[in-house]
Amino acid sequence: MAPKQEVVLVTGSSGCLGQHIVKLLQEKDDNVSEIRLFDRVPYDNKLGHEEKKSMKHYVADIKNFDSLLEAFSGVDCVIHAAAVIDMRFYPDEKEMVATNVNGTKNVIDACIQRNVARLVFSSTTDMVCGTEHIFYGTEITTPIPTTFMIGKYGETKYTSEKLVLEASGTKLANGEATLKTLSVRSTPFYGEEDKKFFYSILQHTKKSRGCYRKIRSLDERLQVSYVGNAAWAHIKAKDRLAVDETISGEAFFITDDTPIIDIHEHFQFYIESRGYKVSDYIFPYWLAWIVLSLLAMVVSMVNLFVKFEVEIPPVSSLNYLCSTFFFNRSKATLRLDYQPLYSPEEAKQLSLEYYKNVPL
C-alpha cells in the first residue's frame with residue numbers, strides 16, 4: 001500500500017478528468033488525507049462527491065511558477081492533468097505550447113524544488129495516433145508518428161510526456177531522494193463533465209437541426225473509455241509509484257471494457273436521448289474529405305485578407321473519426337494493478353444522465 005495520510009495535488013482539478021480524480025481521491029483512496037486543487041477555474045463539486053477530506057483551493061495557472069511553488073509545499077504526489085485541448089479549425093497553438101509544454105516544465109521544476117517525490121502525468125493515446133491504423137497497440141510496438149493525426153495537441157502532449165519521463169530519477173532539492181514519474185495514456189474519454197468529445201457531437205447535431213449524419217470510410221473502430229476509469233488509473237498509478245520504483249519513467253496505455261464498436265453507435269445512444277435523430281444515410285468519407293478540404297482551402301485563402309472564426313471542423317478531425325485506433329492495457333494491468341472500476345453498463349447509465357440534460 002502507498003504511505004498513509006499523504007497530501008495529493010491535482011492540476012487541472014476543475015476539468016472533466018480532474019473532477020473525477022478528485023472524486024475518487026475523496027471516496028476511494030484511504031491513503032489520502034488532504035487534496036489540493038490547482039486550476040485557473042475555481043473548483044465546483046459538479047459530481048456531488050463526498051468532501052470528508054481536507055481540500056485546499058489554488059486558483060492559478062501552471063504557467064505561473066511562483067504559484068506552483070506555493071501550492072506544492074508539503075505535497076507527496078502531484079497528478080498533473082492540466083492541459084489545453086484545442087481542436088478548432090484555427091487552434092491557439094501558442095497557448096497549447098505555453099500550457100502543455102512550458103507549463104509541464106514548471107510542474108517538473110516545482111516538484112524538484114519542493115521535494116515532491118512522485119509525479120503522475122495525464123497523457124493521451126492521441127500522441128501516438130498518426131496516419132497508420134493501430135490494432136491492439138502496446139507501449140513497445142506503437143511508435144511515435146512523424147505526423148500527428150490530431151495536430152498540435154498530439155504534438156504538445158508527446159513533448160510534455162517526454163519531459164516528464166526524462167525527469168525520472170532527478171535529484172530533489174533536499175538531495176535525499178529522486179523524482180519518480182510515470183505517464184498515463186488514456187484513450188479519448190466520455191462521461192460526466194465532458195465538454196470536448198461526445199459533447200461536441202451533441203452540439204453539432206443540435207446545430208444541424210437535430211439530425212446527425214454518419215460519415216464512414218470502411219469499418220473504423222475508435223476506442224473510447226469512461227472518464228471515471230481513466231481517473232481510477234491515475235489513482236492506481238499514484239499508489240504503485242510509491243512502492244515500485246521500477247515503473248518510474250514508464251508510460252501506460254489505459255482502456256476499459258467499453259465495447260470497441262463503430263463510434264457512431266456510441267454517439268447514437270446519447271444523441272437519441274436528447275430527442276435528436278441519426279440519419280440512415282451514410283455519407284462516404286472520400287466525398288466528405290473532398291468537400292471539407294475544399295472548404296478549408298477557401299476559408300484559408302479568405303483569411304489572408306479578412307480574419308474571422310469559423311465553426312467548421314478541421315480535416316484532421318474527420319480523418320480521426322474515420323480511423324482505427326485501439327490499444328492493449330496489459331502493461332497497466334500487470335504493473336499498475338489497474339482494472340476498470342466501472343462496468344460498461346454503469347458507465348453508460350452515469351453518462352446518459354449527464355448527456356441527456358447538459359445544456360448545449
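This is a predicted model: local features need pLDDT of at least 70, side-chain atom pairs count only at pLDDT 80 or more; totals for chains, interfaces and linings use all residues.
Local features were taken at pLDDT of at least 70 and side-chain atom pairs only at pLDDT 80 or more, while totals for chains, interfaces and linings use all residues. Residues are numbered from 1 along each chain as its sequence is written, and side-chain values use heavy atoms, with hydrogens and water left out.

The open sheet has 7 strands in the order S3-S2-S1-S4-S5-S7-S11, with parallel pairing; two strands pair if DSSP finds at least two bridges between them. Strand S3 (54-59) and strand S11 (250-254) stand at the edges with a single partner strand each, so one side of each lacks a neighbour in the sheet. Direction ignored, neighbouring strands of this sheet are turned by 20° against each other on average (axes are lines fitted to C-alpha atoms, for helices over the stretch in contact, and angles run from 0 to 180 degrees between N-to-C directions).

Strand S1 is mostly covered, with 6 of its 6 residues buried (buried: under 20% relative accessible area; exposed: over 50%; partly exposed: in between; 1.4 Å probe, protein chains only). In a regular strand the side chains alternate between the two faces of the sheet. In S1, Glu6, Val8 and Val10 point one way, and Val7, Leu9 and Thr11 point the other way. S1 is joined to the parallel strand S2 (residues 32-39) by 6 bridges, and Leu9 stands opposite Arg36 in S2. The β-α-β crossover from S1 through H1 to S2 is right-handed, that is, with the strands pointing away from the viewer, the path from the first strand over the helix to the second runs clockwise. With strand S4 (residues 77-80), S1 pairs in the parallel sense over 4 bridges; here Leu9 stands opposite Val78. Strand S7 (residues 180-186) pairs with S11 in the parallel sense over 5 bridges, and Ser186 has Ile254 as its bridge partner in S11.

Ser13 is in the loop between strand S1 (6-11) and helix H1 (16-27) and is buried, at a relative accessible area of 1%. A polar atom of the Ser13 side chain lies 3.2 Å from the backbone nitrogen of Phe38. Leaving aside neighbours within four places in sequence, Ser13 is in contact (heavy atoms within 4.5 Å) with residues including Leu37, Phe38, Asp39 and Tyr43. Asn229, in helix H6 (residues 227-243), is buried with a relative accessible area of 0%. A polar atom of its side chain lies 2.8 Å from the backbone nitrogen of Leu341.

Most residues other than glycine have a negative phi. Asn115, which is not a glycine, has a positive phi of about 60°; Asn115 is in the loop between helix H3 (93-113) and strand S5 (118-124) and is partly exposed, at 30% relative accessible area. Tyr136 has a positive phi near 50°, lies in strand S6 (residues 134-137) and is exposed, at 52%.

UniProt (unreviewed entry) lists residues 283-306 as "transmembrane region"; this span is 75% helix and 8% strand, with its end C-alpha atoms 32 Å apart. The UniProt annotation "domain: 3-beta hydroxysteroid dehydrogenase/isomerase" (unreviewed entry) covers residues 9-279, a span of 35% helix and 21% strand with end C-alpha atoms 45 Å apart. UniProt positions follow the numbering used here, feature names are shortened, and annotations may be inferred rather than shown by experiment.

Note on methods
Helices (H or I, at least four residues) and strands (E, at least two) are DSSP runs, numbered from the N terminus. A polar contact is a pair of N or O atoms within 3.5 Å; within protein, one must be able to donate a hydrogen and the other to accept it, and residues adjacent in sequence count only if both atoms are side-chain atoms.
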